[in-house]
Amino acid sequence: MVGTPQNAAADDRPDPATEAFLAHRNLLFTVAYEMLGSAADAEDVLQETWLRWAGVDLGAVRDQRAYLVRVTTRQALTRLRTLSRRRESYVGPWLPEPLLTAPDVADDVALADSVSMAMLLVLETLAPTERAVFVLREVFDLGYDEIAEAVDKNPAAVRQIAHRARAHVAARRPRQVVSATETRSALDAFRRAVETGDLQNLLDILAPDVVLLGDGGGVKQAVPRPILGADKVARLLTGGWGKVTASTSWQPTHINGHPALILHLDGALDTVLALRVDDGLITGIYAVRNPEKLSHMERETVLSRLSGA
């Protein structure tokens, strides 16, 4: 299978089509990932975008960035509709595929917020076209005319879709942007309480309506349904992960632009854990154990809202 171009040799300048694609690749991946919540599917979308781009007459393309974003969006929409049907038969709760990201992703507050596990779960509640319009408008600040071409709607319809999607997301998204320092503090307190089995300290940092989601995909053991409420969540965690052994270790890291934790068992990656924090308390705990979703944890993934970044 022909792969999307990754790098150009220093002494071998790529052809114009490849050079243009590489200049926008990180942006295109970020668009696809935010629409799909899956790095593997985002990579497939880039493959399909590249195959179409490679056969285009560049002289007829007025705006290469807009053209590539349009193709990527259309491919992602097609795949998103397929994924929606596939997820109906998914075993247990479905969580987005976590990405190991550099700490500097947090410097772009809008980008970090948009790719957080909590926000990606909110985006899952949108219809495919609503999700595309919201992502392109609110995250990448595309104009309504450009979005209209990407989703095959007229600009007036896109404005209505954007308004509806914005209201839907606003009612469900985290109440405020939480700093990396605040998230890291909550993570440290969470880890200490779980490692020591300190039920009360864990209860002190959990919101009364906290929800725990575990994604094992039917491959690894995980909670089969969401666990709601501080008492139930705390007792589950102190009774499970709280049984720390010499073969278990927690590693602080950055996942999807935010501080997070990786759990290693016998030296092997076992679980990626991210939190949602509101008003200083943990309101969401997201534990990904499905091995198929952990393949992008070996190296950092570059996310960007800009071309050439």
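Mentor: Let us begin with what covers a helix. Helices (H or I, at least four residues) and strands (E, at least two) are DSSP runs, numbered from the N terminus. Buried means under 20% relative accessible area, exposed over 50%, and partly exposed in between, with a 1.4 Å probe and protein chains only; contact means heavy atoms within 4.5 Å. Here the buried residues of helix 6 are covered by elements including helix 1 (16-36), helix 3, helix 4, helix 5, helix 7 (144-151) and helix 8. This is a predicted model, in which local features need pLDDT of at least 70 and side-chain atom pairs count only at pLDDT 80 or more, while totals for chains, interfaces and linings use all residues. Residues are numbered from 1 along each chain as its sequence is written, and side-chain values use heavy atoms, with hydrogens and water left out.

Trainee: How many of the residues of helix 6 are buried?

Mentor: Ten of its twelve residues are buried, so helix 6 is mostly covered. Among them are Pro128, Phe134, Leu136 and Val139.

Trainee: What span does helix 6 reach, and what is expected?

Mentor: The expected span of a helix is 1.5 Å times one less than its number of residues. From its first C-alpha to its last, helix 6 reaches 16 Å, close to the 16 Å expected. After helix 6 comes Asp141, which has a positive phi, near 55 degrees.

Trainee: How should I read a salt bridge?

Mentor: Side chains of opposite charge can pair when their charged atoms come close. The rule used here asks for a side-chain nitrogen of Lys or Arg within 4 Å of a carboxyl oxygen of Asp or Glu. By this rule there are 17 salt bridges. One of them joins Glu48 and Arg79, with the closest N and O atoms 2.8 Å apart. Glu48 lies in helix 2 (residues 39-53) and Arg79 in helix 3 (residues 64-87), so this pair ties together parts 31 residues apart in sequence. Glu48 is partly exposed at 22% relative accessibility, whereas Arg79 is buried, with a relative accessible area of 18%.

Trainee: Which elements are linked by the pair of Asp113 and Arg173?

Mentor: Asp113 and Arg173 form a salt bridge whose closest N and O atoms are 2.5 Å apart. The pair links distant parts of the chain, 60 residues apart: Asp113 is in helix 4, and Arg173 is in the loop between helix 8 (155-170) and helix 9 (180-196). Asp113 is buried, with a relative accessible area of 17%, while Arg173 is partly exposed at 30% relative accessibility.

Trainee: Which side chain meets Arg166 in a salt bridge?

Mentor: Its partner is Glu138, at 2.8 Å from N to O. Arg166 belongs to helix 8 and Glu138 to helix 6 (residues 128-139), so the pair ties together parts 28 residues apart in sequence. Arg166 is partly exposed at 30% relative accessibility, and Glu138 is partly exposed at 34%. Elsewhere, salt bridges that share partners join Asp41, Asp44, Glu48 and Arg79 into one network.

Trainee: What is a nonpolar core?

Mentor: In soluble globular proteins, nonpolar side chains tend to be buried together. A nonpolar core is a set of buried Ala, Val, Leu, Ile, Met, Phe, Trp, Tyr and Cys residues joined through side-chain atoms within 4.5 Å. The largest here has 53 residues, of which Phe29, Trp53 and Leu123 touch the most other members. Helix 1 gives the most to this core, with eleven residues. Leaving out residues up to four places away in sequence, the residues that Trp53 touches include Ala17, Phe21, Leu58 and Tyr67. A second, separate core of 26 residues includes Ala186, Leu202, Val223 and Leu261.

Trainee: In what order do the strands of the sheet lie?

Mentor: Two strands pair if DSSP finds at least two bridges between them. Six strands form an open sheet in the order 2-1-6-5-4-3, with mixed pairing. Strand 2 (227-228) and strand 3 (248-255) are the edge strands, each pairing on one side only. Strand 1 (residues 206-215) and strand 2 pair in the antiparallel sense over two bridges, and Leu212 stands opposite Ile227 in strand 2.
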